[in-house]
Amino acid sequence: MKFYDYTRAPNPRRARIFMAEKGIEVETVQVDLGTQEQFEDWFRAINPRCTVPALQLEDGTVLCDNASIARYFEEVYPDPPLLGTTPTEKALVAEWWVRVESEGMMGVAEALRNTSEFFKNNAITGSERYAQIPELAERGRARAAAFLKVMDERLQESAFLAGETFSAADIAGLTLIDFCRWIKLPVPEEYEALHRWYEAVANRPSAKA
Ligand SMILES: N[C@@H](CCC(=O)N[C@@H](CS)C(=O)NCC(=O)O)C(=O)O
């Protein structure tokens with residue numbers, strides 16, 4: 001098995017934290033997004049989507065999304081469960097995972113990738129190249145900021161995003177909060193529940209993975 005990673009990027013970090021929580025160790029290959037190695041032929045041959053994380057299984061199958069990687073590891077290494085145990089928990093982990101990605105991560109990505117010179121002509125991840133639309137940056141930032149409020153409100157009701165148990169939704173949430181620093185979007189001080197939750201998840205040993 002081989003894990004394709006880039007240490008600085010938020011999405012492969014989610015998979016690394018997930019693996020650390022389960023005590024899984026995998027041979028890791030760095031794909032240097034800083035030099036656009038994701039577009040080189042050798043990596044396209046592994047993941048035509050040109051993104052990390054990617055996980056190549058022993059039979060050659062390549063999983064190229066956090067969703068599939070997490071599902072695979074949860075099936076093979078069920079303990080500790082990170083995708084929920086009861087039907088309701090499983091459903092809520094799925095819901096908060098998608099919300100963190102589509103409302104939070106996408107918002108930050110829109111803000112970052114439509115302004116930074118580095119992402120010129122690579123405003124959306126993937127094998128196709130897309131030009132920046134600077135107007136999207138402000139909207140993305142607003143979406144991310146709005147989602148921080150949603151997270152705070154949710155965390156006033158429950159210890160973790162999907163309920164009373166730490167889950168993969170919290171791993172996504174943690175990487176989102178750290179990703180917000182890339183666009184200098186701080187968590188407002190008055191979001192006490194969000195701060196309390198962040199301290200708890202960021203201090204888990206897995207967060208260093
Ligand atoms: N939905 C994917 C997103 C993967 C993704 O966007 N990865 C980024 C790094 S955080 C990437 O590979 N970027 C390549 C690029 O910027 O061209 C997942 O969760 O695995």
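## The second largest pocket

In this predicted model, the second largest pocket has a volume of about 160 Å³. The residues that line the second largest pocket are Ala67, Ala70, Arg71, Leu83, Lys90, Val93, Ala94, Trp97 and Val98, and the elements that contribute two or more residues to this lining are helix 3 (66-76) and helix 4. Helix 4 supplies the largest share of the lining, with five residues.

Sorted by class, the lining of the second largest pocket holds seven nonpolar and two charged residues, with no polar ones. At least three of the lining residues come from each of domain 1 (2-76) and domain 2 (87-208).

## The largest pocket

Two or more lining residues come from each of helix 1 (10-22) and helix 4 (87-113), and helix 4 gives the most, with eight residues.

The lining of the largest pocket divides by class into 23 nonpolar, 11 polar and seven charged residues. Because domain 1 (2-76) and domain 2 (87-208) both give residues to this lining, the largest pocket lies between the two domains.

When the whole structure is searched, one cavity of 30 Å³ or more is found, and the space in the largest cavity is about 60 Å³. The lining of the largest cavity is made up of Arg14, Ala15, Phe18, Asn66, Ile69, Ala70, Trp97, Ala168 and Ile171, with helix 1, helix 3 and helix 6 as the elements that give two or more residues.

Seven of the residues that line the largest cavity are nonpolar, while one is polar and one is charged. Domain 1 (2-76) and domain 2 (87-208) each provide at least three residues to the lining of the largest cavity.

## How helix 4 and helix 6 pack

Two packed helices are described by the angle between their axes and by the distance between those axes. For helix 4 and helix 6 (residues 168-180), the axes come within 9 Å and cross at roughly 15°. Angles under 35 degrees count as roughly parallel, and helix 4 and helix 6 are therefore roughly parallel to each other. The crossing in which helix 4 passes helix 6 is left-handed.

## Backbone details in the loops

Most peptide bonds are trans, and most residues other than glycine have a negative phi. Against that background, the peptide bond from Val52 to Pro53 is cis, with omega near 10°, and Pro53 is placed in the loop between helix 2 (41-46) and strand 3 (54-56). The peptide bond from Asp79 to Pro80 is likewise cis, with omega near -10°, and Pro80 is found in the loop between helix 3 and helix 4.

Which residue has a positive phi although it is not a glycine? That residue is Gln36, with a phi of about 60°, and Gln36 sits in the loop between strand 2 (27-30) and helix 2.

Key. Residues numbered from 1 in each chain as written. Predicted model: local features only at pLDDT ≥ 70, side-chain atom pairs only at ≥ 80, totals over all residues. Heavy atoms only, no water. Helix = DSSP H or I, 4+ residues; strand = E, 2+ residues; numbered from the N terminus. Nonpolar A, V, L, I, M, F, W, Y, C, P; charged D, E, K, R; others polar. Domains from an automatic or database assignment. 1 Å grid on protein atoms, 1.4 Å probe; cavity = no way out; pocket = protein on both sides within 12 Å on 5 of 7 lines; lining within 4 Å. Points joined across faces, edges and corners; volume = space filled by probe spheres on them. Axes fitted to C-alpha atoms, helices over the stretch in contact; angles between N-to-C directions. Parallel < 35°, antiparallel > 145°, perpendicular 65-115°, else oblique. Left-handed = near helix turned anticlockwise from the far one by under 90°.
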